[in-house]
Amino acid sequence: MTEPVGRPAVEWRRVLFVTGRLAEPALRRALAEMAPDFTYDVAVMGITVAALMTTDWIAQRLTVPPDTDLVLIPGLCEGDPHAIADRAGVAVEKGPKDLREIASYFGRAAARQDYGAWDIEIVAEINNVPRLSPDAVRARAEYFRASGADVIDVGCTPGLAFPALGDVVGGLVAAGLRVSVDTFDEAEIRTAVAAGAELVLSVNGSNLDAARDLAGTATRVVAVPDLGGGLDTLDPILEKLEQWRVGYLVDPILEPIGFGFMASLERYAEVRRRYPAAPMLMGIGNLTELTAADSTGVNALLIAICEELGVRAVLTTEVIPWARGAVREVDIARRLMHYAVMRHTIPKGVDDRLVTVKDPAMLTFTEDELRALQAQITDPNFRIFADREGITVLNGERFVRSTDPARIAELFAELDVTEPRHAFYLGRELARASLAVTLGKTYRQEGALSWGYLTPPDDPVADHVTLTGRSKRTPGAGLDRDR
């Protein structure tokens, strides 16, 4: 999804869709079914496969009708849309990689104009820092920052001396990072704060005196209930912090499932009732790290709870393998949930990057549509399609279908392919199509399956040119990727 190059637009009056000859019928069907509230034109360029166009090539050949608001080019086109916008004097946008997504693409157009705001800070913890080298700490901190973290938390290890704490914190601060320290040890708190830490996790009745030195400074502390105590133990802690003019966040402590998870959620709601204006923090890593489930959905739900309760900071980490990427997930979730809560709309149909294993929808072609496509094909190159029931492979001569994705070897045998490189290519694509059928994912030949924010880049076009067709054909002729 890209922003328009030229000028932003929420409502279009006339849109020009650019495509190639093979994709034209499917594009026109998609537009007819979408029945948009704007006028549209379709520019069919002099090329069979739309994905092989470049923006420079389009710019030299495209004629844009008067009063056009937007030119939409195929998402797989290589090059900068500015090449077309500068020449045509109109907004240009790369559309979806699959023309079957055009309806949903335009349905999200308004959201794209103001989507992305957030109001929850991410504190990403580097665990057991005393056992790491300075280079390892710096690399981890930079990784978290690139993933979307706002504050890097230096996790101390209880009972393990950390003489390098000041140097570690100071080095991260010097690198332009915001830093917090995770310790109850009063000496470590003072060392980290002196080196530039702006947040202390955590203080309660056992180490509250360490917060007195922060009076009048910008350094904040996270106030937690006394060990084994209830929310009532927060009252004297917050009273002292207020008296000393020390900034704070309240963390009622999120418990793992089986150890009072639901009761801990109720504590967050109760803190919000007791202290309506108090800033709050939730340690969501207590759930993602200790629950054997994909962290994407867990993070999405926890961030939704935080957004509704006014919890404006979360602490997370990425230690257990299934929680890898948690910071990126929280960064996406905080934008999605902020949009949903502020707009009073459900968090659906705006940003699908947290849908990883299953697709929001499986886009398919009917057999009639595939037969119609086959009637246009004059080359021997194979096109592969997947739907909910199975896999179809076709070219100008063959139409082979299997409804058992586990038996792709039998389907492959019907294709009568013997050239090794071509056979490897088809085997790889059939395996990917089989996985798509099994998981209910949209399959695009040579396109990466969608794994949400984890989706890898598509295969390079060069692979398509050299691997798609038969070995004796003219190189590059009759390529089979549609749009």
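Predicted model: local features only at pLDDT ≥ 70, side-chain atom pairs only at ≥ 80, totals over all residues.

Q: Which residues touch the most other members of the largest nonpolar core?
A: A nonpolar core is a set of buried Ala, Val, Leu, Ile, Met, Phe, Trp, Tyr and Cys residues joined through side-chain atoms within 4.5 Å; buried means under 20% relative accessible area (1.4 Å probe, protein chains only). Here the largest has 69 residues, and Leu172, Val221, Leu241 and Met282 touch the most other members. Helix α14 (residues 326–343) gives the largest share, seven residues; helices are DSSP runs of H or I, at least four residues, and strands are runs of E, at least two, numbered from the N terminus. Apart from this core lies another, of 26 residues, including Trp12 and Phe38.

Q: And what does Val221 touch?
A: Contact means heavy atoms within 4.5 Å. Leaving aside residues up to four places away in sequence, the partners of Val221 include Leu199, Leu241 and Tyr248.

Q: Is strand β1 enclosed or open?
A: Five of the six residues of β1 (residues 14–19) are buried, so this strand is largely enclosed by the rest of the structure. Two strands pair if DSSP finds at least two bridges between them; β1 pairs with β2 (residues 39–44) in the parallel sense over six bridges. Arg14 has Thr39 of β2 as its bridge partner.

Methods
Residues numbered from 1 in each chain as written. Heavy atoms only, no water. Buried < 20%, exposed > 50% of the residue type's maximum accessible area, 1.4 Å probe, protein only.
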